[in-house]
Amino acid sequence: MPHIKYVEANGTEYAVDAPAGITAMEAAVKNGVPGIDGDCGGVAACATCHVYVDPAWLAKTGPAADGMEKDMLEFAEDVRETSRLACQIKLDDTLDGLVLKLPEKQH
Amino acid sequence: MSIATLEASPALSVPLDKIDVSNPDLFVNDTVGEYFARLRKEDPVHYCAESAYGPYWSITKYRDIMAVDTNHKVFSSEAGVGGIIIDDNNVRSEGLPLRSFITMDPPEHDAQRKVVSPIVAPGNLVVLEKTIRERMQNILDRLPVGEEFDWVDNVSIELTTQMLATLFDYPFEHRRKLTRWSDVTTAEPGSGIIDSWEQRSRELQECAASFMTLWNERVNAKEPGNDLISMLAHSPATRNMPPEEFLGNILLLIVGGNDTTRNSMTGSVLALNRFPEQFEKLKANHALVDSMVPEVIRWQTPLAHMRRTALEDQEVGGKTIKKGDKVIMWYLSGNRDEEEIERPEELIIDRARPRQHLSFGFGVHRCVGNRLAEMQLKILWEEILARFSHIEVLKEPERVRSNFVRGYAYMPVRLHA
């Protein structure tokens with residue numbers, strides 16, 4: 001069961017143990033992590049689960065994928081090299097210890 | 001609903017292939033939902049061969065709508081192939097072609113949308129909140145208690161128009177012109193708003209002239225203002241727009257910031273009258289405003305549809321949509337899809353995931369102002385709850401004759417202290 005750490009812009013941390021197979025968006029929503037909305041239910045169609053992957057983990061999660069994920073990130077606030085949509089990060093044991101930072105506000 | 005009324009409903013007796021949910025009469029008398037319920041059950045991706053708008057596909061289920069809305073490579077919004085409204089005349093009206101970022105596909109769409117999106121970015125919403133609240137308080141404080149008045153004109157229109165004038169920095173005393181241009185933009189002849197396409201073109205050209213004057217005043221300013229016209233005038237992506245894009249984008253922002261929120265404001269009062277136990281729940285716990293607002297936007301669905309045009313053959317829900325076909329995503333129907341939303345006909349203000357609805361669309365064209373719309377409704381209800389015990393709807397509202405804007409022309413109410 002991967003252990004995920006979400007860090008709010010103000011530094012508040014949320015530690016979540018998520019079952020493998022769900023996404024980083026679902027794990028956040030199920031555990032009440034604030035600031036991850038996931039309005040579209042996980043199909044990269046609303047960009048309300050924007051996160052920054054800790055640079056140390058970027059090689060493992062990979063960067064944002066071509067297609068809907070990149071298309072939607074076009075319109076998110078303060079997009080960086082490490083930006084991903086959490087609904088497109090599927091959790092498995094190789095991501096045990098993953099650190100995701102949250103933007104100031106989702107739009 | 002009793003068996004007798006079921007049998008009597010034409011929605012159930014008309015042959016399936018004759019169902020035409022684009023008929024505006026069905027929206028005026030609010031019976032279109034019965035037809036959508038039947039289509040969702042019997043023919044969720046439905047072909048209508050003959051209508052006032054020509055042949056078109058209806059997409060009626062939540063998941064199928066999501067599939068179309070997120071496939072912008074196949075399902076185009078481009079004005080040149082038909083735009084985003086069932087009526088082709090909306091973008092092709094003689095003498096007045098219109099084009100804006102909502103009727104463009106990526107990458108052109110992305111560049112123009114990014115010019116205006118900062119006005120509704122989280123940081124600017126914080127600034128706008130104070131202005132909105134003060135104006136809301138002024139409007140509500142002047143309303144008569146215990147007397148009949150029209151909620152649509154006195155509150156919903158007044159408030160959204162004031163907001164729009166602020167976003168454009170439009171001369172405040174002439175703000176009702178914005179309301180008129182918004183209504184005219186989405187109207188078709190026979191709607192009661194305009195009599196002919198020629199009249200529509202004429203009025204919208206007056207709109208273009210009015211905004212061109214403001215543009216010319218602001219384009220040379222050394223310090224660009226924080227208003228939509230200045231943003232468009234100073235950005236490389238938009239400062240050299242051809243005339244049809246200039247007017248198109250202005251009208252998009254007028255309609256987007258006006259009609260939709262206006263009708264959700266009226267709809268929220270109507271919904272809480274229809275579901276009095278939900279209003280009691282809200283009065284007992286004002287914090288529920290946060291989840292009530294997106295639920296009201298789902299229940300109202302202020303834009304009933306968005307249209308796309310297929311650029312290649314594509315299967316949706318087991319049917320093959322052909323290249324060139326007109327495809328209508330009925331958000332109003334998807335928001336009543338019982339497979340996605342529990343008890344969808346009911347307003348339930350404390351749903352667990354209230355933002356899972358189609359009213360803002362999904363994908364690259366998702367409503368740019370969705371958080372501003374929510375904020376306006378939130379402030380409205382916070383201020384209502386601080387003042388009044390009840391807003392009593394006195395009669396069934398009069399609805400707008402449109403299959404696009406699902407709105408209200410008139411709704412008499414009485415306030416209780």
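Helices (H or I, at least four residues) and strands (E, at least two) are DSSP runs, numbered from the N terminus. This is a predicted model, in which local features need pLDDT of at least 70 and side-chain atom pairs count only at pLDDT 80 or more, while totals for chains, interfaces and linings use all residues. Residues are numbered from 1 along each chain as its sequence is written, and chains are lettered from A and ligands numbered from 1 in the order in which they are written.

**View 1. A cis peptide bond in a loop of chain B.** B:Pro107 lies in the loop between helix 6 (89-92) and helix 7 of chain B. The peptide bond that leads from B:Pro106 to B:Pro107 is cis, and its omega is near 5 degrees.

**View 2. The contact between chain B and chain A.** Chain B contributes 16 residues to this contact and chain A contributes 16 residues, where two residues are in contact if their C-beta atoms, placed from the backbone, lie within 7 Å. On the side of chain B that touches chain A, helix 5 (62-69) and helix 7 (108-116) of chain B each supply at least two residues. The residues on that side of chain B comprise six nonpolar, four polar and six charged; here Ala, Val, Leu, Ile, Met, Phe, Trp, Tyr, Cys and Pro count as nonpolar, Asp, Glu, Lys and Arg as charged, and the others, Gly among them, as polar.

View 3. Strand 5 (residues 305-310) and strand 8 (residues 326-330) of chain B run antiparallel and are joined by five bridges, and B:Met306 stands opposite B:Met329 in strand 8 of chain B. Axes are lines fitted to C-alpha atoms, for helices over the stretch in contact, and angles run from 0 to 180 degrees between N-to-C directions.

**View 4. The three-stranded sheet of chain B.** The order of this open sheet of three strands is 4-12-9 in chain B, and its pairing is antiparallel. Its edge strands are strand 4 (148-150) and strand 9 (390-393) of chain B, each pairing on one side only, and neighbouring strands of the sheet are turned against each other by 40 degrees on average, direction ignored. Three bridges connect strand 4 of chain B with strand 12 (residues 412-416) of chain B in the antiparallel sense, and B:Glu148 has B:Arg414 in strand 12 of chain B as its bridge partner.

**View 5. Helix 8 against helix 9 in chain B.** Helix 8 (residues 122-141) and helix 9 (residues 151-168) of chain B pack at an angle of about 150 degrees, and their axes are 11 Å apart. The residues that helix 8 of chain B brings to the contact include B:Ile132 and B:Met136, and those from helix 9 of chain B include B:Leu159 and B:Met163. Sorted by class, the contact of these two helices has six nonpolar, three polar and two charged residues.

**View 6. Helix 14 against helix 16 in chain B.** Helix 14 (residues 259-274) and helix 16 (residues 289-300) of chain B pack at an angle of about 100 degrees, with 9 Å between their axes. That angle makes helix 14 of chain B roughly perpendicular to helix 16 of chain B (angles under 35 degrees count as roughly parallel, over 145 as roughly antiparallel, 65 to 115 as roughly perpendicular and the rest as oblique). Among the residues that meet are B:Gly267 and B:Ala271 in helix 14 of chain B, and B:Val296 and B:Trp299 in helix 16 of chain B. The contact has four nonpolar, five polar and no charged residues.

View 7. Strand 1 (residues 3-7) and strand 2 (residues 13-17) of chain A pair over five bridges in the antiparallel sense, with A:Tyr6 opposite A:Tyr14 in strand 2 of chain A. Five residues lie between the strands of this hairpin, in which A:Gly11 takes a positive phi near 100 degrees. A:Asp78, in the loop between helix 3 and strand 4 (83-85) of chain A, has a positive phi of about 50 degrees although it is not a glycine.

Definitions and conventions. Pairing = 2+ DSSP bridges.
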